[in-house]
Amino acid sequence: MYQAARAGLAASVKRYRPRSSPSSLLFTRSLMSQYFAEKETPYSRLEAKPYFESLSDREKHYAHYMSRASFEGTRIIIDQTNPHAIGIYDLILNVFGNGNHGLVDIKELEAKSGVSSEAFQDFLQYSGQFLGNLSNYKSFGDEKFIPRVSAEDVQKIVAASESTKAAELFAKVKDEMYNTEPVERNLLGFPDQGHLTGYYSSDITKDEIHMVQEYLEKAKIEPFNTRLFKTKDGFRLTVASGQVAEPQQHTLPNGTALEVCFGDFQEEMRKVADNIRMAAGYTANEHQTEMLEAYYESFTTGSIEAHMESQRHWLKDIGPTVESNIGFIETYRDPQGVRAEWEGFVAMVNKDQTVKFASLVDRAPEFVSYLPWPPTFERDAINKPDFTSLEVLAFATSGVPSGINIPNYTNITQVLGSKNVSLGNVISASSPNEKFPFVAPSDLEVYRKYRNLSFEVQVGTHELGHGTGKLFIEDSNGKRNFVPEETIHPLTNKPVTSWYKPGQTFNSIFKAIASSYEECRAECIALVLSKEQSILDIFGFKGQDAEDVLFVMYLNMARAGLTALEFYNPEAKKWGQAHMQARYAIFNQMLKAGQGFVTIERTGEYGLELRMDRSKIRSVAAPAVADFLAKLQIYKATADEVEGTKFYLDATSVPDSWTEIRDIVIRNKQPRKVFVQGNTFIENDKVVLREYEPSAVGMIQSAIERRV
């Protein structure tokens with residue numbers, strides 16, 4: 001049982017670093033090994049051809065140019081994550097490229113290099129994983145990974161490529177590829193905590209970042225497409241744009257200078273804008289045309305206001321055959337939680353699947369009424385979102401998600417709502433011989449059968465959940481979207497006393513935990529709503545099928561919460577992945593609910609097994625999750641950063657006594673899927689889609705032929 005297992009865990013193993021001893025070399029190798037790239041990563045091809053071929057010629061051209069616009073931001077993503085990694089990207093392209101945007105003969109290169117087959121395969125795996133993450137830091141976990149193959153063998157492979165450029169690049173990036181000291185730098189985060197980031201200069205402090213952000217809020221300068229650097233005179237805020245404009249001079253309250261400069265990532269942003277302009281000739285309607293005009297202005301000038309305008313038009317473009325969104329969107333990887341990573345996607349609508357989501361949307365007001373907070377804490381009017389099932393054609397990102405709810409601009413979503421997107425070919429992608437550690441053998445058959453089916457329900461209700469919940473806001477004119485004296489705080493039974501002041505957003509108030517906090521809220525909503533038969537009916541599940549889907553949803557969340565320990569660094573007391581921190585928090589609530597609902601046993605093939613009493617989902621687990629969810633929403637709605645942060649950090653704290661459980665989780669961790677995406681090309685005025693084999697070689701060939 002869980003309590004017994006926890007009591008029997010060994011004390012934490014102390015970490016040490018021998019300074020000089022015969023075993024120091026072995027220790028160094030052991031330390032490095034924990035950062036090794038996966039030996040065999042499961043590659044999955046994002047199957048898109050049947051949906052792409054169903055498009056008209058005009059739609060294919062639109063999809064092509066929007067895909068190009070998205071992928072032109074590839075180098076931005078790499079630089080935002082690790083500014084020292086762009087050379088590794090170019091190294092991979094030069095070693096495996098034939099100079100004509102094609103792939104070299106891989107077998108010939110291997111033979112010519114003289115390295116062992118294992119060493120060559122290890123370098124292929126590292127290269128494929130780098131391209132899948134668009135960095136040498138994992139997109140899911142924010143931890144560095146290094147090649148399993150020695151630098152000497154990589155040098156031989158580079159030499160065999162006969163690329164002078166590759167040789168020059170390897171000399172420059174070898175240390176970055178292999179160095180794992182100091183260990184703090186192997187995680188993304190604030191520079192003054194020893195971590196790495198591409199959003200800030202290495203000499204800036206967390207307090208200085210906060211200070212500048214407070215000024216930006218008052219000056220109404222949005223930080224989404226910016227980076228912040230310390231200078232000898234103060235600070236420089238760089239804005240991504242295709243054009244360079246006259247710098248803006250500001251003075252912070254403490255007298256320090258702040259210079260706002262335009263033209264960051266100028267070449268990439270110019271190429272993005274050029275492709276947006278080309279796509280504008282193939283739009284399907286007025287909303288798409290106006291959306292692209294706003295995109296072009298935003299990416300050319302750096303205006304976030306223009307990007308907000310693009311999102312207003314995007315929300316009005318209901319049910320397009322080709323769906324696309326592009327820009328600086330998600331703030332997961334900025335340690336401050338306000339600067340966004342570049343991403344762009346293009347996808348085709350799966351009309352059959354979309355019918356299910358349309359039913360979910362049509363009844364959204366009914367389903368929202370099931371949520372555990374009073375009507376005053378819900379939006380004044382439920383803006384029914386556009387909910388679509390898509391098949392991804394292209395997704396320029398460090399990690400392809402299974403669902404999306406955007407835009408992330410509070411001032412827009414609180415008024416106009418949002419679009420929910422389920423990415424069908426991501427959800428259905430599977431890997432051969434996939435294993436599921438910690439699921440009890442008695443549950444494995446039902447788990448395998450219903451895992452993807454239940455995940456479809458989870459994604460749908462999760463994304464719907466992102467569009468719920470009111471934020472109490474006061475605008476620059478002093479107008480509020482609520483009446484304080486008439487709005488009773490459910491936890492104090494007194495009128496609310498806190499709310500969002502002008503210029504403040506959820507991200508700027510809750511800072512580093514904002515993304516994880518919101519993901520946790522949405523995951524809780526999925527669990528709370530999915531017990532309702534009316535929702536299960538929409539997805540076609542009745543009787544025993546419905547009960548099995550619900551059971552697997554809760555079991556999958558518990559398993560995700562347990563395996564989330566892989567993404568927790570006990571030395572830094574830091575979570576490396578927003579979604580996994582959220583899932584651990586929910587698993588924690590399931591454990592705290594007690595009454596034997598879920599337990600951990602020290603047994604089985606993997607050393608741990610989850611045991612769940614499915615008869616107690618509705619009576620024990622769902623009420624516990626609902627109570628937790630209510631508090632998340634209340635603290636978020638009232639901008640109560642102090643109590644909300646304390647509450648969430650407590651929910652996601654990992655006991656020191658869990659050291660051995662975490663060790664077992666890490667020993668059994670499964671490699672994360674890497675998605676191989678196709679490319680579109682214009683041949684004889686026709687757009688064609690080329691797809692690649694699901695392997696490291698296919699991943700490399702796809703990147704080389706993408707030509708960015």
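## First stop: Glu-474

Select Glu-474 and show what surrounds it: setting aside neighbours within four places in sequence, Glu-474 is in contact (heavy atoms within 4.5 Å) with Lys-479, Arg-480, Trp-499, Tyr-500, Lys-501 and Pro-502. The side chains of Glu-474 and Arg-480 are joined by a polar contact of 3.3 Å, and another, of 2.9 Å, joins the side chains of Glu-474 and Trp-499. A polar contact here is a pair of N or O atoms within 3.5 Å; within protein, one must be able to donate a hydrogen and the other to accept it, and residues adjacent in sequence count only if both atoms are side-chain atoms.

Now colour by secondary structure. Glu-474 sits in the loop between α19 (441–466) and β11 (488–489). Helices (H or I, at least four residues) and strands (E, at least two) are DSSP runs, numbered from the N terminus. Is Glu-474 buried or exposed? With a relative accessible area of 15%, Glu-474 is buried; the classes are buried under 20% relative accessible area, exposed over 50%, and partly exposed in between, using a 1.4 Å probe and protein chains only.

Before moving on, keep in mind that this is a predicted model, in which local features need pLDDT of at least 70 and side-chain atom pairs count only at pLDDT 80 or more, while totals for chains, interfaces and linings use all residues. Residues are numbered from 1 along each chain as its sequence is written, and side-chain values use heavy atoms, with hydrogens and water left out.

## Second stop: the domains

Next, colour three selections separately: domain 1 (32–46 + 84–192 + 672–706), domain 2 (193–266) and domain 3 (435–668). These bounds come from an automatic or database domain assignment.

Keep domains 1 and 3 on screen. Their C-alpha centres lie 35 Å apart. How many residues of each domain are in contact across the boundary? Seven residues of domain 1 are in contact with nine residues of domain 3. Between them the two domains bury about 620 Å², with 60% of it on carbon and sulfur atoms; buried area is the accessible area (1.4 Å probe) that two parts lose on being put together, summed over both. Within domain 1, select Phe-140, Gly-141 and Leu-187: these lose the most area to domain 3, together 68% of what that side buries.

As for polar links, one residue pair is in polar contact between domain 1 and domain 3, both residues at pLDDT 80 or more. The residues on the domain 1 side that touches domain 3 divide into three nonpolar, three polar and one charged. In this scheme Ala, Val, Leu, Ile, Met, Phe, Trp, Tyr, Cys and Pro count as nonpolar, Asp, Glu, Lys and Arg as charged, and the others, Gly among them, as polar.

Go to Asp-142, in the loop between α8 (117–133) and α9 (151–161). Asp-142 is buried, at 11% relative accessible area. Its side chain makes a polar contact of 3.0 Å with the side chain of Arg-333. Beyond neighbours within four places in sequence, the contacts of Asp-142 are Tyr-137, Asn-186, Leu-187, Leu-188, Arg-333 and Gly-576.

Leu-134 is also in the loop between α8 and α9. Look at its backbone: phi of Leu-134 is near 50 degrees, a positive value in a residue other than glycine. At 8% relative accessibility, Leu-134 counts as buried.

Select His-250, found in strand β4 (residues 248–251). His-250 is buried, with a relative accessible area of 19%. Which side chain makes a polar contact with the side chain of His-250? The partner is Tyr-215, at 2.8 Å. The C-alpha atoms of His-250 and Tyr-215 are separated by 9.6 Å, and the two residues are 35 apart along the chain.

## Last stop: backbone details

Finish with two cis peptide bonds. One runs from Glu-181 to Pro-182, with omega near -5 degrees, and Pro-182 lies in the loop between α10 (164–178) and α11 (206–219). Another runs from Ile-406 to Pro-407, with omega near 10 degrees; Pro-407 lies in the loop between β9 (403–406) and α17 (410–416).
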